[in-house]
Amino acid sequence: MYSAQITRANPTCIILLIDQSGSMSDPFSGDSYRKKSEFVAEAVNHTLHDLVIRCTKTEEVRNYYYVSVIGYGRAVGSCFSGPLTARNLIPIAEVADYPLQVKSSYKRVSDGAGSWVEIPVRYPVWIHPSADGKTPMCEALAKVKEILERWLKEHPRGFPPTILHLTDGESSDGDPEEIGRQIMSLGTDDGATLLFNCHISSRKSAKIEYPTEETSLPDGFARSLFEISSRLPSNFLAAAAQLGVNAVEGSRGFVFNGDPSSIVQFYEIGTSLTGMTPYRWMDDTRTEPA
Amino acid sequence: MSSAKQSVIWELQTRQLLLPKLDHDVSECEDVIALNPETRRFAVADGATEAFDARNWAERLARRWVQNDATLTSEEFCKWVATEGRELHDSWNGLNLSWYSEEKARNGSFAAFVGVEFDLETESPLWKAIALGDACLLHCHRGALLKSLPVWRSDSFNSTPVLVPSDPAIHETAMQSVIIDSGSCTTGDVLLLMSDAAAAWCLQCFERNELDPDEFMRIKQDDKLSQFFDAERLAGRIRNDDLAILRIEIKQRRTS
């Protein structure tokens, strides 16, 4: 299971589900100047950038992935705009061709002789921060289920879909456990759909990352999210180990009270799929105005 | 390809097989086989799928290495790779690249490489090989494996081998992993140069003592040989990857 080769003939789908409720405009604890929504938008843009680069073959982007970014807050729907507006599952080659803008940045890399040099990098932007409205998590998960059902009808074989869900608060439209379980019951001949959840917090609380059991969790909401978080398959565990994250056999793809570094690692591990090397971007990138 | 020594002439007989991944076009194959009877050099290179211009880099490494007659040392190899890498990067200048190709090109290209050269001017033919990455040389004698390099166990293949980089800025670290080895052979010996998926399969055959993998290279018709390897990949016994196999058999002919 979770070993199917991802090819153009047999692509997989990745859905990034992000909470865009009003509370996402609050800053992280101890970080008074940066809103959660801004950091999440940046992390999503970096993740899309990484997925495009992985599929780039010289001058062509191969459609190994079909990608969706769904936001929920005042409304539930695709976060893409411009030529990609309102589209739910988009071949990665089209994602590559239609960023809203491409900024210039610098990246520090080793010069191979013990020093660091800065090299220019291109930093495309597909989504902008948004934080407004309540937290219709159940409606958002229902939307994900609808997208998945359509995808799986056409792609019953191959690497199963991956959903990376990021939220900062409790659902405002009911308990997400039932719809979450329904999503996890869908799958391909290579395994069940992978649903991973990352809860981030504005409060200074101890974070819990990739637990194996729910006894350490503080409340019913955390336990609900734990219940609808898939176990990390071995390839993802290997990616976690490369990042120095403490995840073991039986660990759920679940973070509670996460901080900015949790978000970065969550996306890196969640998109590592078939043992691909996680893409590191947070510590060594300095962004300059476009 | 022969050389007289007293009344014995040593000959090298070759057979090659190059297959793209299943469901892929041959133009997408990033494995390359090169041979040169003049220099008696043979090579297999495997461009890294995720790298920029990987096929070109693999082709440049394999085809130019077999033309080269520089001494086979780590230092010479390192200098030669740096020159080739610079030329490759120069060839990208002036290309009008999209943001993603530009990003990809910035990291350079990567390929696994294994090359072998023969000295047939001795009583027993000698081979000397150089390898970096997971393309392998296997030296077989009467159906037994005598030596395998740089990987010698099927479970030692992983997704992140140190490869030959085109970017001279990272040569120094990579070149520390270069393997150079040598051996002598006798008549009937077979040297197999293989890209990683084929080498892993071959080593597993030897480890399990199930079959002599070299037997299959004796299938006479090329299309039957391809069908055999396609079936092995469909059955999951060989990973679905490009396959490059160059078989070199050492033969002896006596002259009157």
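Helix α1 (residues 36-55) of chain A packs against helix α7 (residues 260-270) of chain A at an angle of about 25°, and their axes lie 10 Å apart. Here helices (H or I, at least four residues) and strands (E, at least two) are DSSP runs, numbered from the N terminus. Axes are lines fitted to C-alpha atoms, for helices over the stretch in contact, and angles run from 0 to 180 degrees between N-to-C directions. The helices α1(A) and α7(A) are therefore roughly parallel to each other; angles under 35 degrees count as roughly parallel, over 145 as roughly antiparallel, 65 to 115 as roughly perpendicular and the rest as oblique. The crossing of α1(A) past α7(A) is right-handed. A crossing is left-handed if the near helix is turned anticlockwise from the far one by less than a right angle, and right-handed if clockwise.

On the α1(A) side, the contact is made by Phe39(A), Val40(A), Ala43(A) and Thr47(A), and on the α7(A) side by Pro260(A), Ile263(A), Val264(A) and Tyr267(A). Two residues are in contact if their C-beta atoms, placed from the backbone, lie within 7 Å. Sorted by class, the residues of the contact of α1(A) with α7(A) are seven nonpolar, one polar and no charged. For this sorting, Ala, Val, Leu, Ile, Met, Phe, Trp, Tyr, Cys and Pro count as nonpolar, Asp, Glu, Lys and Arg as charged, and the others, Gly among them, as polar.

The model is predicted, and local features need pLDDT of at least 70, side-chain atom pairs count only at pLDDT 80 or more, and totals for chains, interfaces and linings use all residues. Residues are numbered from 1 along each chain as its sequence is written, while chains are lettered from A and ligands numbered from 1 in the order in which they are written.

A further helix pair can be described in chain A. Helix α3 (residues 137-154) of chain A and helix α4 (residues 177-184) of chain A pack at an angle of about 15°, with 9 Å between their axes. That angle makes α3(A) roughly parallel to α4(A), and α3(A) passes α4(A) in a left-handed crossing. From α3(A), the residues Cys138(A), Leu141(A), Ala142(A), Val144(A), Lys145(A) and Leu148(A) meet Ile179(A), Gly180(A), Gln182(A) and Ile183(A) from α4(A). This contact of α3(A) with α4(A) has seven nonpolar, two polar and one charged residues.

Glu178(A) also lies in helix α4 of chain A. Is Glu178(A) buried or exposed? Because Glu178(A) has 12 C-beta neighbours inside 10 Å, it counts as exposed. The rule is that a residue is buried if 20 or more other C-beta atoms lie within 10 Å of its own, exposed if 12 or fewer, and partly exposed in between, with C-beta atoms placed from the backbone. Glu178(A) and Cys138(A) are 40 residues apart in sequence and 8.9 Å apart in space, C-alpha to C-alpha.

Strand β1 (residues 12-19) of chain A is mostly covered, with eight of its eight residues buried. Thr12(A), Ile14(A), Leu16(A) and Ile18(A) point one way from β1(A), whereas Cys13(A), Ile15(A), Leu17(A) and Asp19(A) point the other way. Strand β1(A) pairs with strand β4 (residues 65-72) of chain A in the parallel sense over eight bridges; two strands pair if DSSP finds at least two bridges between them. Strand β1(A) also runs parallel to strand β9 (residues 162-167) of chain A, joined by five bridges. Leu16(A) has Val69(A) as its bridge partner in β4(A) and stands opposite Leu164(A) in β9(A).

In chain B, strand β5 (residues 110-119) is mostly covered, with nine of its ten residues buried. Strand β5(B) runs antiparallel to strand β4 (residues 41-47) of chain B, with seven bridges between them, and Arg41(B) stands opposite Glu117(B). Seven bridges also join β5(B) to the antiparallel strand β6 (residues 126-132) of chain B, where Ala129(B) is the bridge partner of Val116(B). A hairpin through six residues joins β5(B) to β6(B).

The two chains also meet. The contact takes 19 residues from chain B and 20 residues from chain A. Within the side of chain B that touches chain A, α3(B) gives the most, with seven residues. By class, that side of chain B has six nonpolar, five polar and eight charged residues. In α3(B), the buried residues include Trp99(B), Tyr100(B) and Lys104(B).
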